[in-house]
Amino acid sequence: MAESFSRRKKKTEYYFDYSLVFIIIFLVGFGLIMLYSSSSYMASQKYNDAAYWLKRQGIWSALGIGVMLVLSFIPYHFWERFSTIAYFVSMALIPCVLFFPKRNGARRWIFIGPNDRFSLQPAEIAKLCLILFLASFITRLGPAIRSRKGFWTVILMALPHTAMIYFITDNLSSAIIIMGITAVMLFVASPEYKRFIILAAGVLAAGALVVLIVTRFSDKLGFRGARILAWLDPEAYASDTGFQTLQGLYAIGSGGIWGKGLGQSIQKLGYIPEAQNDMIFSIICEELGLFGAIAILLMFVLLVWRLVVIANNATDMFGALFVVGVLGHVAIQVILNVAVVTNTVPNTGISLPFISYGGSAILFQMAEIGVCLNVARSIELKDA
Amino acid sequence: MANRSEREERRFTIRMQKKLVVLFGIVLLAFVGLSLRLIYINRDNGEQYKKQVLEQQEYTSKTLVARRGDIFDSNGNPLAVSEKIYNLIIDSKVINDKEAYYEPTMAALDKYFDIDMNAVRKWVKENPKSAYYVAAKGLTYNEVEGYLNFMNDETASKNVKGIWFEDNYKRNYPNGTLACDIIGFTNAENNGTYGLEEYYDDVLNGTPGREYGYLDEDENLERTTKPAVDGYSLVTTIDATIQSIVERNLKSFNDTYANRAREGLGANNLGCIIMDVNNGDVLAMASYPNFDLNNPKDLSMYYSQEAIDAFTDEEFYEKLNGLWKNFCISETYEPGSTMKPFTVACGLESGKLTGNESYTCTGAYEVADKRIKCHNYKYGGCGTVNVKQAVEQSCNVALMQMSLTIGKDIFLQYQQSYNFGLKTNIDLAGEARTNAVVYNSSNMRPAELATSSFGQGFNVSMIQMITGFCSLINGGYYYEPHMVKKIVSGSGATIQNIEPRVLRKTISTSTSNTIIDYCNGVVTEGTGKAARPAGYRIGGKTGTAETLPRGNNEYVVSFMGYAPADNPKIAIYVVIDRVNDWVQDNVKLACTLTRDILTETLPYMGIYMTEPISEKEQQELAAKQLEITLAYTAPPEETTETPAEGENTEGTPAEGATGDAAAADPNGGLNLQWKNFPVDPATGYLKDPESGDLIDPDTGQNMSRSDFTAVDG
């Protein structure tokens with residue numbers, strides 16, 4: 001907000017959010033460093049190339065930065081007209097995973113290119129498309145959002161994606177994120193508080209009930225049940241379901257305040273499986289300590305703050321809601337990722353935005369930021 | 001107004017902005033909460049997790065042992081070798097992977113290994129997810145060979161899974177007690193203790209490798225390996241044949257005198273070093289009592305089981321340490337008259353003596369109001385002696401006068417030059433420090449100087465004496481004594497050649513020649529006659545030193561000599577520390593022990609006889625030959641020279657003993673049969689004019705193609 005009033009500019013001058021670009025580039029660069037640190041040992045063991053994952057992530061990151069910059073120059077209203085198409089296309093893409101082979105025991109990817117070189121998660125596309133669709137849909141709803149009907153309509157719109165992602169790709173975490181993004185956008189758009197408090201209480205109660213049931217009927221509930229049990233007492237399941245969580249906790253706890261130093265992690269030497277993925281934050285804690293971890297969290301807070309500023313100064317509701325959706329996406333993933341790593345919530349595979357390994361994820365996240373940058377560009381700098 | 005309201009709907013309203021700020025507040029709160037969680041984890045569990053990380057580091061990653069290098073004698077005979085052994089590991093997780101694996105695997109285990117199958121079955125059932133169970137330890141290759149052959153048959157062993165071997169090494173000393181003091185031994189952690197094993201520990205031990213185990217995403221245990229780098233081997237200067245000759249003679253001396261005047265060993269300590277005069281190579285170094293390297297904590301050779309059981313731990317280890325200690329380098333004593341050549345060399349070299357002096361000995365000499373006796377005080381002294389006679393007769397009075405002529409400063413300067421008071425830096429662990437047991441210019445007064453001249457009052461170690469003595473007889477070159485001549489890699493490539501090192505020149509060549517002349521006189525005319533082996537001319541010096549406290553009639557007797565007399569090749573030093581006899585100051589004991597050792601060693605080394613042999617000597621040699629033969633053909637527990645025994649039984653005892661290492665050195669046959677000695681005094685044998693082989697003149701046996709091979713096997 002401050003920036004928009006601070007400088008004396010003509011009406012035709014527009015605003016470009018350099019801070020946001022800087023934050024993103026910092027996070028991506030830092031992410032590459034940590035990715036290399038956490039993956040080089042296993043990469044050299046597995047592929048005889050310490051930079052195996054670094055190279056792939058580097059290509060995707062460069063591509064992502066390019067996409068981000070290009071999108072920042074394309075007027076975001078251009079996308080609004082595709083919102084409905086995007087909604088249905090992204091929905092249709094989800095069942096496509098059934099035609100592709102499993103990887104790591106799950107069917108979540110669409111493979112393209114020679115030797116299935118590139119993989120794409122429809123869930124990632126769905127997140128972007130749903131943000132776009134909901135921003136446009138809520139804008140079109142107008143005052144109707146205030147009614148109970150409007151509220152439930154919006155939720156209903158997000159349900160097909162959520163359900164398909166959960167049931168077809170068996171991907172609970174993406175389903176949670178999509179529902180979370182919807183809730184965040186709805187929360188900002190709707191004047192209500194009470195309904196959200198009730199909703200949050202309901203979700204918590206349901207969660208508590210699930211936990212209660214799981215502890216009663218123990219391991220008859222598949223791997224999710226086992227994960228909940230491991231969450232409650234990771235040490236009791238140290239050799240199987242609790243292994244990853246416990247190893248992550250060891251990494252965090254052994255880092256201390258200043259950490260063991262960049263590259264000095266022990267836990268990445270095969271103890272934390274796929275340390276460059278969801279558990280990368282624990283390696284950050286181990287190598288850079290509390291100091292480094294909290295500094296990274298602060299960077300994410302800054303990122304969220306910039307998105308708040310952009311949304312609040314956006315010229316129209318569509319742009320603002322889109323930015324809110326992106327904000328929700330980033331915030332939910334960071335919070336859930338750190339919560340999983342610290343065993344605050346049960347283990348579910350959520351990657352840390354801009355830092356964890358994952359080609360398609362980083363590309364779509366950068367695309368979202370690119371659109372946000374364009375929303376920022378359209379902010380008119382008023383005369384002082 | 002309506003217009004404004006409509007625009008408000010399309011715009012992001014103030015209310016929404018407020019809610020967005022609320023949302024930001026919630027997000028911020030979540031971040032603060034997570035940060036607190038991070039801090040709490042570190043505060044509450046930080047220490048525990050730090051330990052956990054290090055603990056499991058050892059748990060899932062495993063050290064791969066490097067093969068410790070071997071130790072060989074100078075001819076390539078193994079003295080210490082590392083043998084591969086196998087630990088049998090059972091991986092329960094793999095076995096339980098499929099139902100079909102279980103029974104065939106158990107059947108194979110039962111068939112090929114001598115293990116408790118009930119325990120294995122129980123363990124596999126109870127720990128279905130564990131991948132590491134040591135079912136048997138220390139199996140030799142023979143014990144696993146059957147299984148490995150079975151596994152090569154892929155159809156038969158199709159369902160046998162989850163069995164693998166972990167390599168390890170066991171140190172083996174094929175010759176048991178042979179050269180035990182030199183070699184030293186290793187403990188369970190592969191650290192060398194004593195001797196070469198300790199001194200060259202870093203060289204022998206390679207770099208251990210590492211095997212990392214980790215769980216992949218599907219929680220399978222994956223293994224990656226960084227192989228171990230094997231240690232280097234040592235080629236020593238020791239000749240196992242000479243070493244065994246020395247040790248056998250020391251033992252037989254001990255057996256002769258054991259329990260004679262008192263209960264116990266034949267002498268407190270027996271030591272012998274044989275050294276190459278011209279390069280500092282130690283050819284043999286032995287002391288008695290010795291111990292079995294394969295079982296270093298075994299005291300049963302010297303004590304009854306009851307006595308051992310009665311020892312406290314402290315006593316037990318005190319006895320062991322006594323055994324393990326290498327007398328030749330770790331113990332110091334007063335050298336006695338073997339010091340005299342050093343004193344004389346000092347006098348001649350410094351110019352204080354001309355060699356033409358003569359001294360009158362009346363049995364004692366008064367220095368600084370002290371009457372210091374000569375050894376033949378009882379018989380009225382040595383009379384008038386010149387310098388050479390003083391050495392030959394070992395006259396203390398003459399030497400005292402010489403030392404007073406030389407003076408304290410020059411005497412001490414030469415002491416230093418002979419390395420007394422300093423370490424020789426021989427490449428063995430545990431060399432004694434002697435800087436505190438020699439005199440320096442502040443505490444040496446005339447009386448100390450006088451007694452030092454004949455080797456009383458200060459302490460030396462055997463290795464110091466013989467190394468210094470070599471320099472007296474090789475033209476004055478003080479070589480650093482060494483045990484290892486080459487370091488080789490596991491594949492046999494030479495890593496390092498250890499060349500002889502001249503540290504300094506102690507005396508001039510002409511002084512050296514004079515000393516040789518004097519020392520030859522000791523054996524031909526003087527106190528060392530008994531040391532001469534039949535058929536050879538040698539030189540040397542006897543020593544009889546009274547131990548502290550004086551007047552106890554306890555003595556260290558020694559002989560330090562060299563052969564051949566005119567052109568010394570090897571030096572020998574024999575020390576008998578307090579022999580188990582009623583009279584201890586009998587230097588003849590050291591002389592005869594030297595003679596016994598040289599009688600066998602010189603022919604083996606290819607040093608020819610030059611002297612005629614008397615009738616009596618012939619008989620002695622014949623008897624000795626029989627004795628040696630019996631030693632070689634005796635039952636296994638008797639000797640350390642095991643490898644050749646099987647072959648000996650074919651020949652008669654007399655024939656069996658006549659050759660030695662003939663294959664290695666055609667001239668080096670141990671020829672002791674020369675009943676009708678031929679005219680040729682240079683070789684001692686007849687020479688076959690056709691083949692050049694050496695023929696025993698008595699039995700007609702071909703010396704070069706003897707069916708008897710000694711320790712070389």
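Two residues are in contact if their C-beta atoms, placed from the backbone, lie within 7 Å. The model on display is predicted: local features need pLDDT of at least 70 and side-chain atom pairs count only at pLDDT 80 or more, while totals for chains, interfaces and linings use all residues. Residues are numbered from 1 along each chain as its sequence is written, and chains are lettered from A, with ligands numbered from 1, in the order in which they are written.

**Stop 1: the interface of chains A and B**

Select both chains and display the contact between them. Chain B gives 40 residues to this contact and chain A gives 48. On the side of chain B that touches chain A, the elements with two or more residues are α1 (2–10), α2 (14–60) and β8 (209–215) of chain B; here helices (H or I, at least four residues) and strands (E, at least two) are DSSP runs, numbered from the N terminus. Colour α2(B) separately: with 27 residues, α2(B) supplies the largest share of that side. Colouring the side of chain B by class gives 19 nonpolar, nine polar and 12 charged residues. In this scheme Ala, Val, Leu, Ile, Met, Phe, Trp, Tyr, Cys and Pro count as nonpolar, Asp, Glu, Lys and Arg as charged, and the others, Gly among them, as polar.

**Stop 2**

Select residues 122–141 of chain A, which form helix α6, together with α7(A); the two pack at an angle of about 165°, with their axes 11 Å apart. Axes are lines fitted to C-alpha atoms, for helices over the stretch in contact, and angles run from 0 to 180 degrees between N-to-C directions. The arrangement of α6(A) and α7(A) is therefore roughly antiparallel, the term for angles over 145 degrees, as against roughly parallel under 35, roughly perpendicular from 65 to 115 and oblique for the rest. Among the residues in this contact are Leu130(A), Leu134(A) and Phe137(A) of α6(A), and Val154(A), Met157(A) and Ala158(A) of α7(A). The contact of α6(A) with α7(A) has 11 nonpolar, two polar and no charged residues.

Show the side chains of the contact, including Phe151(A), Ile155(A) and Tyr166(A) from α7(A) and Leu172(A), Ile178(A) and Leu186(A) from α8(A). By class, this contact comprises 11 nonpolar, four polar and no charged residues.

**Stop 3: the five-stranded sheet of chain B**

Turn to chain B, which has 24 helices and 25 strands. Five of its strands form an open antiparallel sheet in the order β12-β11-β23-β22-β21; strands pair if DSSP finds at least two bridges between them. The edges are β12 (282–288) and β21 (539–546) of chain B, each with a single partner strand, so one side of each has no neighbour in the sheet. Direction ignored, neighbouring strands are turned by 5° against each other on average.

Within the sheet, select residues 555–563 and 570–579 of chain B, strands β22 and β23, which pair in the antiparallel sense over eight bridges. Gly561(B) stands opposite Ile572(B) in β23(B).

**Stop 4: backbone details**

Most residues other than glycine have a negative phi, and most peptide bonds are trans. In the loop between β21 and β22 of chain B, select Pro549(B): the peptide bond from Leu548(B) to Pro549(B) is cis, with omega near -10°. Pro564(B) lies in the loop between β22 and β23 of chain B, and a cis peptide bond with omega of about -10° joins Ala563(B) to Pro564(B).

Is Ser394(B) buried or exposed? Ser394(B) is buried, with 27 other C-beta atoms within 10 Å; buried means 20 or more such atoms within 10 Å, exposed 12 or fewer, and partly exposed in between, with C-beta atoms placed from the backbone. Ser394(B) is not a glycine, yet has a positive phi of about 55°.

Finish in chain A at Glu274(A), in the loop between α11 (243–255) and α12 (280–313). Glu274(A), also not a glycine, has a positive phi of about 45° and, with 19 C-beta neighbours inside 10 Å, counts as partly exposed.
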